[in-house]
Every structure is written in C-alpha cells, then in structure tokens.
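Please look over the sequence and the model first.

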Amino acid sequence: MIPLHPIPEANFTCVNCHAPLKCQGWHMPGMRNLADLLCPQCGARFYADLPAGQALYTPMLLERESGTVHDFYGVEWFAGWLRESFAQRTDETLPFVVQERLPITRPVVLLNCLDTLYGHSLLKLLNAQYYLDQRADLDVIVLVQPFLEWMIPDGVAEVWSVGLPLRRGTEWNDWLAGEIKRRIEAYPIAYLSMAFSHPHPNDYEIERFTRVAPFPLHEWETRMERPTVTFIWREDRLWEETNDAAGGHLDKIKRRLNRNSNSLAGQHWRVSELARALRGELPNVDFAVAGLGVPGDFEDEILDLRRPTVDAEVERLWCERYAASHLVAGVHGSNMLLPSAHAGGVVELIGEERWGNFLQDILFRPADYREMFFRYRFVPHSTTPSMLARLLTMILQKHAGLLTLMGPGFCQHGADYRTLSAPRKHAGEKVKQGELKQ
C-alpha cells in the first residue's frame, strides 16, 4: 500500500544534476499513477510512476518539458505507452459514474484497475479481496472500466466507473486526472493499492468476484459419468498446428487436406477433430466451445457457446460452463484467466513466443502441489487434435488414481493401512470390470 494523498512517497534522482527529486503531489490521468516531482537544484520537473501494477517492478521517469521517458529497465512496451500517451494527452470529458455502495468512514485505499489489456485489469481487481479481508481499517474504492463492474466484490465502498474503451486504455487524460484528484482530496488520508500484476492465489477466491463456485474437485469421479471439456476459443491468437511430423499417416493426410495451419478455418477443423477424438475415447463426453466468435458452424454434438460480443450476462454464462468443466483447453492468453480459475484443470497450448509469459494467464486453485501439477498441463501449440484428446482423456481418467497414490490424505505414516488400501482396491476392481482403462 502506497501513501497517495496528500503527498506520496517517491524516490527518484534528477537525470540532469543527480539531486534527489522532491515530490510535489500526484497525477492520475488514467492507468498511470504518477508522482509530480521537482528538482530543487536545477528546477527540472518530472512525472514518475508510483509503484503500482507493472510500475512496481519497472517504474519510468518522464521529463515534463521534453516528454523524454527514462527507462531504467529496458521495458520498451511500458515506456512506449507512457511516451506516446503524454505526447497525445487530452482533456476530453469522459463518462464517470460513481456507485456509492457503503458509507466511507475510514481512510481510503484506491485500487486503480484501468488498463488497455483485459487480463491486466482483471488481475489488478483481484487485489481488492486483500483489503476487504485483511485491512478492516480501510474503505476500498475501485477505479474500473465498465466491462469489469460485474466482478466487483461485495464490501467495496465505492466503484468509480470510467467510460474508457480498452483500445484507449493507455490514454493520458488530464480531465480524468482532475476528476480523480477532486474526489480523493475529499478524504484527509488516501492510499494507493500496489495492485500486484499477479496476486498470490491464496489472496483471492474467484467466487467472491464472479459469484460462480468453481468445479468441485471432490466430485471429479462422480461426475465422470459425463466427462465435461470446454475449448476456449479466440480468433486473434490461433491454435496453430505446425508439426506435420506428429501423428500417423492418416493424420498427416487429413491435416494437408483440411487446414491451413495459420487460418481460422484451420482452428475450426482442429477443434472439430478434437471433439471427435474425445468422443472416440469417451463416448459420453460433454464438449463445448466458448469465447469470442460467431456461433453456429460446428456440428450438433458440440455445444457452441461462442458470442460475437461480450457483456456481463455472457461472462457469467461462460463462467458457469467453466465451473461445470472437468477440464478446459485453449491457447495461451488472458482468455484463460477465468476458465482456469473455475474449471477442475487446464491444458494450455503455448507457443515459443509466449514462453516468457508462462503462467501469467493462469489463476491457480491452491491444492497439494503434486495434485496441482497433474491438473495443469502446458503443451506446444503444435500439438495435434488426436494428441490433445489423449492427454485430456488421461487426465480425466487418472485423476482419482493419482490422489490414491500421491494425495496428502493417503501419505500419512500414522494412518490405518486398511483405510488407505480400500480406495486402491476399489480402483483395481473397476479396471477389471472394464470401467477404467489401464
């Protein structure tokens, strides 16, 4: 938590004369939370990132006269956003709606979730639960764009909703900065949330935000009468199967005839093939596709939950489907955040270009670490439909056996051996009866 009002803490040095800069105040023109700095020696003026969100790790320093951004960490995308937004700053009036949910009687902490990327905004919002649960001495104000309003948890005192589209999320808006400052100045003391880019899984429960309970892991086996799998569809980052050497001869012929590896049609073919391969392994499988797209061109056996536009009702519908799914599968990206938070397990297709972003799009459900490793898998996005189907099938069928081998409840030295051996004996009987594949 960062002191914000009346004067924040900011430790920067003048790039001209190397004197410590003096903080004069703060400025919040959008997603950037900035300290207003003055050099007492040479008179130069600066804006600098306060340590919140990405700026907690890579704060930038901006010279107000020239617009030069000093990037001490080599993170050009973050420096570029600041440089370009300052150069194109505006004072346009924006829709600004205040929802007063609870009376404010204590010092406030402001959680700024404004951003240009959906996943960044959502991850920042998850920080709210810490203050609600651990800081009873503070009232929480959340600053969001309208698409996140439906996820605001109970207990937040006020919601400030700014009508700023994601595509304009990096915008520097001096009118907005003035509006935020005017409202914050009504409180004697105000803090800024550090808004961790990737809050720890122990610090939030997704049900508090979506009001949808995740898949009940203790019912995994009983729900196997109808194994449920959902593919997460997106059209701007495709499942690109590029490894033509994988699979058998028939698989190779099918790939050459039915898909271009970089096309939307190719992804459609792969998802259809995945569904067919899964039905071959698990005839009772409930397979669905969810995500941004126009529905209607899949075979009837595939539940098509795609929608061309998204609102709160659609998001809830999708979350309910994720929560009903043993497993979700999809290409790496922010599209995997809510699915991974609600489903029983995840298989993610990830390309080499995203290796550096590994795990950033997954909301883990804390559990025994060995059981978690089993339920969360990451494979190359060149994985074939038939190979992905086999992996999904294995996880579905072997989860219960994994627990009886490695689950913490079955590894206690002081336990009664008869209690521990009973589940294993039961699993063995099911294999003999053909109910489980070995």
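The model is predicted, and the values given here are computed from it.

**Aromatic pairs**

- The count of aromatic pairs comes to 13. One of them joins Trp77 and Trp81 in an edge-to-face arrangement, with 4.9 Å from centre to centre and 75° between the planes.
- Trp77 and Trp81 are both part of helix H1 (residues 76–87), where they are four residues apart, about one turn of the helix.
- An α-helix has 3.6 residues a turn, so residues three or four places apart point the same way.
- Trp77 has a relative accessibility of 38% and therefore counts as partly exposed. Trp81 has a relative accessible area of 18%, and since buried means under 20%, Trp81 is buried.
- Phe96 and Trp160 form a tilted aromatic pair, with centres 6.0 Å apart and 50° between the planes.
- Phe96 belongs to strand E7 (residues 96–100) and Trp160 to strand E10 (residues 158–162), so this pair ties together parts that are 64 residues apart in sequence.
- Phe96 and Trp160 are both buried.
- One aromatic cluster is formed by Tyr47, Phe86 and Trp172.

**Charges over rings**

- Arg223 lies over the face of Phe215, 5.3 Å from the ring centre.
- The ring of Phe374 has the charged end of Arg377 over it, at 5.0 Å from the ring's centre.

**Helix H7**

- Helix H7 (residues 264–281) has 18 residues, which at 1.5 Å a residue should span 26 Å.
- Buried residues in H7 include the run Gly266, Gln267, His268, Trp269, Arg270, Val271, Ser272, Glu273, Leu274 and Ala275. Leu278 of H7 is buried as well.

**Ser325**

- Where is Ser325 placed? Ser325 is in the loop between helix H8 (312–323) and strand E15 (327–331).
- Is Ser325 buried or exposed? Ser325 has a relative accessible area of 0%, so it is buried.
- The side chain of Ser325 reaches the backbone oxygen of Arg321 at 2.8 Å.
- Leaving aside residues up to four places away in sequence, Ser325 touches Phe215, Thr228, Thr230, Ala343 and Gly344. Phe215, among these contacts, is also the residue whose ring face has Arg223 over it.

Methods: Residues numbered from 1 in each chain as written. Predicted model: local features only at pLDDT ≥ 70, side-chain atom pairs only at ≥ 80, totals over all residues. Heavy atoms only, no water. Helix = DSSP H or I, 4+ residues; strand = E, 2+ residues; numbered from the N terminus. Buried < 20%, exposed > 50% of the residue type's maximum accessible area, 1.4 Å probe, protein only. Polar contact = N/O pair within 3.5 Å; in protein donor to acceptor, adjacent residues only side chain to side chain. Contact = heavy atoms within 4.5 Å. Expected span 1.5 Å × (residues − 1). Phe/Tyr/Trp six-rings, centres within 6.5 Å; stacked < 30°, edge-to-face > 60°. Lys NZ or Arg CZ within 6 Å of the ring centre and 35° of its normal.
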